[in-house]
There are 2 protein chains.
Amino acid sequence: MTKLKISPFAPSEIPSLLPIAGFKMATAETGIKYKNRTDLWVVYGCPGTQIAGVFTKNLCPGYPVVWSKKALTVKNEGPSLLVVNSGVANVFGGQRGKDAIVKIAESCERVFDVKSKSVIFASTGVIGEALDASKIISHLPDINENLFDDGWSNGAEAIMTTDTYPKVSTASAVINGIPVKINGIAKGSGMIAPDMATMLSFIATDANLSDSVLQNLLNSNVQDTFNSITVDSDTSTSDTLLLMASCTAQHNKVNDPYDPSLDSFIKALRFVLKDLALQVVKDGEGISKFIKIKIKGALSNSSAKVIGLSIANSPLVKTAIAGEDANWGRIVMAVGKSGESAERDKLSISIGPYTIAEGGDISKDYDEDKVSSYMQNPNIDLTVDLGLGDGKANIYTCDLTHDYISINADYRS
Amino acid sequence: MTKLKISPFAPSEIPSLLPIAGFKMATAETGIKYKNRTDLWVVYGCPGTQIAGVFTKNLCPGYPVVWSKKALTVKNEGPSLLVVNSGVANVFGGQRGKDAIVKIAESCERVFDVKSKSVIFASTGVIGEALDASKIISHLPDINENLFDDGWSNGAEAIMTTDTYPKVSTASAVINGIPVKINGIAKGSGMIAPDMATMLSFIATDANLSDSVLQNLLNSNVQDTFNSITVDSDTSTSDTLLLMASCTAQHNKVNDPYDPSLDSFIKALRFVLKDLALQVVKDGEGISKFIKIKIKGALSNSSAKVIGLSIANSPLVKTAIAGEDANWGRIVMAVGKSGESAERDKLSISIGPYTIAEGGDISKDYDEDKVSSYMQNPNIDLTVDLGLGDGKANIYTCDLTHDYISINADYRS
């Protein structure tokens with residue numbers, strides 16, 4: 001495998017996440033695929049833990065996705081268990097892949113005293129290989145001995161594949177006067193074009209929220225966070241985003257997602273979701289530029305999103321930005337190929353603070369030198385105003401570079 | 001601009017095209033963008049010439065596309081004129097871009113004695129610059145002096161942009177006992193995901209066919225030829241495919257596209273269309289592998305085509321093949337992300353003659369060594385059987401390599 005160059009957007013210091021009451025966890029080196037690093041993360045939630053999730057819409061989903069969607073519907077009064085591995089995504093591994101999950105779940109029931117059908121799985125890594133259940137099962141007793149409340153950052157490291165840095169985020173909020181915390185971790189960094197959530201991300205809180213509140217908050221806040229990023233237009237078979245609440249905070253249980261007491265929590269949750277989503281893009285395979293695409297003036301918000309994704313997924317736009325070339329003609333092409341309503345002569349395009357094109361023509365004030373100089377920034381803002389309505393959307397992506405090719409031309413070998 | 005490496009699929013010898021009665025042509029070096037090469041090709045069709053065309057569905061089309069769609073509807077008893085340039089695509093160049101076409105058309109009327117509104121334009125090259133009309137107009141008198149019937153190959157060279165070889169094709173047929181000829185030329189080689197036709201292609205014949213027959217034959221034969229190829233998923237603003245008949249052949253005019261006398265002609269036309277379409281892929285920017293994707297067992301032909309394009313446009317599938325990696329897990333992902341009906345456990349996937357996966361599992365007969373050895377071929381065949389119905393489609397594409405990035409990160413500069 002190609003040695004990965006650390007993303008230029010890697011934070012100089014990874015923030016440390018504090019424990020969240022009600023959750024204990026541990027990691028292990030099972031050698032499923034990678035050597036000399038952790039690749040298994042197990043999280044134990046105290047009885048009463050509520051979990052909500054959104055999953056990939058890819059129609060060939062991994063076995064863990066199929067299993068976990070069902071597991072979330074299992075009535076469970078006891079503790080919860082989340083088992084996450086990297087290395088093998090356990091997609092299209094035939095009966096062995098399906099059996100592996102059943103075996104691990106049954107083993108979890110014995111070791112952790114949890115209901116096997118309620119165990120939640122998430123796997124990331126190569127597609128087309130069955131997970132080797134024995135590698136995981138043999139580590140479960142040790143993990144059970146070593147469960148500890150301070151393992152969020154370790155988890156973020158264990159779930160990495162081609163990620164060049166662990167992605168963590170934390171925020172705090174207040175519900176009815178009681179402080180609550182939110183921790184989140186995520187992984188990228190290729191096959192990222194979430195149609196429900198990105199590959200894997202796990203958010204936890206001690207807030208006392210019903211499962212329907214959790215699911216509602218997840219659904220309503222994923223659209224403009226994880227579902228507004230793309231690295232390479234390829235929607236993974238394993239996308240999984242979980243929101244878990246231990247419900248240990250000493251406020252009355254909130255059962256209504258529109259309860260005003262949730263205002264501070266929702267703000268904090270949105271911060272964590274967006275922070276993690278942007279970290280995934282900023283570690284996009286081979287990234288040299290982080291690109292924010294702001295669409296406005298579209299006929300609707302959903303139209304704006306389709307146009308934004310068409311620009312973000314265009315290999316020609318992405319390579320132009322990699323080459324620090326303000327090739328706005330390719331942006332026009334990508335707007336037009338989206339199939340959404342657009343009128344060439346009403347379009348206006350800005351790059352950074354500079355208006356490049358308007359009224360179907362290059363801007364009178366266009367100054368090639370200034371724009372060329374702007375293109376050398378690591379952060380590139382593109383704004384497209386369709387001039388048709390009030391629809392808007394922000395999309396976040398990265399450029400397409402030689403390093404993306406290097407990483408993906410020999411990832412499996 | 002990056003020096004282009006010649007495609008490994010470039011033919012060792014470019015076939016020479018013979019003249020077609022009724023057409024004369026010439027090329028010129030106007031210096032619109034490129035130096036020391038031809039960039040203008042003008043074709044003069046004798047009175048009675050019939051022309052049909054299909055154009056890009058990109059909603060921000062170039063001015064030449066908008067103009068030419070209208071020009072095809074102009075009643076014209078006199079000669080026809082086609083003006084094609086490379087270097088500047090004349091898209092989004094504001095009023096100057098629109099005016100340029102009007103000025104050149106008026107000049108054509110004076111120089112060639114054609115009806116200005118019937119002149120057909122096609123331009124390819126950078127988007128976002130207006131065509132400089134004077135550069136073309138100043139060469140028109142010279143071109144008129146030098147019109148000659150033997151200029152098809154010269155035309156194929158003049159319309160190249162990042163193409164590494166000229167694309168020509170020829171075939172002959174018989175209509176009611178009278179021999180007729182077909183010549184065709186095309187250009188690629190990036191921004192290729194035709195939604196109507198590829199960037200530019202011009203087919204000519206001496207057959208005596210009505211314009212409605214021409215249009216019908218073009219529409220019914222473009223779907224599984226030019227509309228079944230993709231290089232990089234980006235649909236150009238300038239796609240134009242014309243079929244021109246000088247009608248000089250001595251058979252009775254054919255007015256019915258279903259006339260059995262057309263059988264031989266249709267066969268020859270399909271040969272030329274497919275030959276040119278595949279040549280465009282085989283000169284796809286940065287190509288190292290030519291990939292044929294055969295989809296069968298889908299619910300419908302259109303579903304098969306969507307699935308085939310989803311695989312063909314997946315950067316992860318394309319980079320895996322560039323790396324000679326039989327990463328069929330990415331094919332599963334691309335099938336699933338297409339949104340079309342698919343059932344993981346009914347899918348079967350073959351690479352070359354080798355069945356890789358079936359029944360939701362890796363094939364019992366899978367032999368990594370044989371498949372790895374197959375992946376070193378320049379021509380890669382992928383077959384996906386959905387196992388659901390009778391729908392099928394063939395899609396043609398190329399891999400995604402470092403050279404694609406090099407070409408496109410500094411194309412404009």
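A: Let's start with a ground rule: two strands count as paired if DSSP finds at least two bridges between them. Keep in mind, too, that this is a predicted model.

With that in hand, look at chain A. Five of its strands make an open sheet, running in the order 3-10-8-7-6, and the pairing is mixed. At the edges you'll find strand 3 (50-55) and strand 6 (167-175) of chain A; each has a single partner strand, so one side of each is left without a neighbour in the sheet. On average, neighbouring strands here are turned by 15° against each other, ignoring direction.

Strand 3 of chain A pairs with strand 10 (residues 240-245) of chain A in the antiparallel sense, over six bridges.

For strand 8, hop over to chain B. Strand 8 (residues 200-205) of chain B has six of its six residues buried, so it is largely enclosed by the rest of the structure. Both of its faces are covered: B:Leu200, B:Phe202 and B:Ala204 are buried on one side, and B:Ser201, B:Ile203 and B:Thr205 on the other.

What does strand 8 of chain B pair with? One partner is strand 7 (residues 178-187) of chain B, in the antiparallel sense and over six bridges. Within that pairing, B:Phe202 of strand 8 is the bridge partner of B:Ile185. Another partner is strand 10 (residues 240-245) of chain B, this time in the parallel sense, again over six bridges. There, B:Ala204 stands opposite B:Met244 in strand 10 of chain B.

Finally, a word on how the chains meet. In chain A, 53 residues are in contact with 53 residues of chain B. On the chain A side, the elements giving two or more residues are helix 2 (94-112), helix 9 (315-322), helix 10 (328-337), strand 14 (361-362) and helix 12 (402-409). Helix 10 of chain A gives the most, with eight residues. Sorted by class, this side of chain A has 22 nonpolar, 22 polar and nine charged residues.

Methods
Residues numbered from 1 in each chain as written. Chains lettered and ligands numbered in written order. Predicted model: local features only at pLDDT ≥ 70, side-chain atom pairs only at ≥ 80, totals over all residues. Helix = DSSP H or I, 4+ residues; strand = E, 2+ residues; numbered from the N terminus. Axes fitted to C-alpha atoms, helices over the stretch in contact; angles between N-to-C directions. Contact = placed C-beta atoms within 7 Å. Nonpolar A, V, L, I, M, F, W, Y, C, P; charged D, E, K, R; others polar. Buried ≥ 20, exposed ≤ 12 C-beta atoms within 10 Å, placed from the backbone.
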